[in-house]
Amino acid sequence: MDQCIALINAEWPRSYTARLWSLESSKETLPTSFVLTTSVKNETIVLAHAKLSPIPADRDAVFVESVVVAREHRGQGIGRLLMQEVERHCFNCLHLKKIYLSTIDQEAFYAKLGYKLCSAINIFGSRPTLNKSTKKIWMFKSANSWTSNE
């Protein structure tokens, strides 16, 4: 847990307690935290993390957030592998129809994975009112496009 919290906080600082609570709330349905690890000399090393959160206004969709790969392991395909596992879980296990995410600087990465630009969505409440954030680029991937790309 400590390694995972440190990894996420290296990108988006927040209190240790808030991160711990978020990670401990992970379950098989939603919310779910994906943590990619490796073992080096019998020591577990956290490589990457992604969190899947429900979207109250759209029960057939999920919001993927806090996607981060450890700096020393970037450029090795770990982010792609993590997102493939996230997609497999969302579309095959949870039977969701869409994955949404937002990014400030990784649009090209997500586009290579088949994500398309979309309007901002409301990820917090049950109303479909759009989130008007202008700093973020919103993207989505549908189950139909994922199936045809596999």
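Buried means under 20% relative accessible area, exposed over 50%, and partly exposed in between (1.4 Å probe, protein chains only). The model is predicted, so local features need pLDDT of at least 70 and side-chain atom pairs count only at pLDDT 80 or more, while totals for chains, interfaces and linings use all residues. Residues are numbered from 1 along each chain as its sequence is written, and side-chain values use heavy atoms, with hydrogens and water left out.

Q: In what order do the elements of the protein chain run from the N terminus on?
A: Helices (H or I, at least four residues) and strands (E, at least two) are DSSP runs, numbered from the N terminus. The protein chain has five helices and six strands. Their order is α-α-β-β-β-α-β-α-β-β-α.

Q: Which residue is the bridge partner of Val40 in β2?
A: β1 pairs with β2 (residues 43-54) in the antiparallel sense over nine bridges, and Thr32 stands opposite Leu52 in β2. The two strands form a hairpin with two residues between them, and Lys41 in the turn has a positive phi of about 50 degrees. The partner of Val40 is Glu43.

Q: How many residues lie between β2 and β3 in their hairpin?
A: β2 and β3 pair in the antiparallel sense over six bridges. In this pairing Ser53 stands opposite Phe63 in β3. The number of residues between the two strands of the hairpin is six.

Q: Which residues of α1 are buried?
A: Contact means heavy atoms within 4.5 Å. The cover over the buried residues of α1 includes α2 (16-24), β1, β2 and β3. The buried residues are Cys4, Ile5, Leu7, Ile8 and Asn9.

Q: Which residues do salt bridges that share partners join into one network?
A: A salt bridge is a side-chain nitrogen of Lys or Arg within 4 Å of a carboxyl oxygen of Asp or Glu. Glu11 forms one with Arg71, the closest N and O atoms being 3.1 Å apart, and Arg74 forms one with Glu11 at 2.7 Å. Glu11 is partly exposed at 27% relative accessible area, and Arg71 counts as exposed at 52%. The network joins Glu11, Arg71 and Arg74.

Q: Are Lys141 and Glu87 buried or exposed?
A: The side chains of Lys141 and Glu87 meet in a salt bridge (3.1 Å, N to O). Lys141 lies in strand β6 and Glu87 in helix α3, so the pair ties together parts 54 residues apart in sequence. Lys141 and Glu87 are both buried.

Note on methods
Two strands pair if DSSP finds at least two bridges between them.
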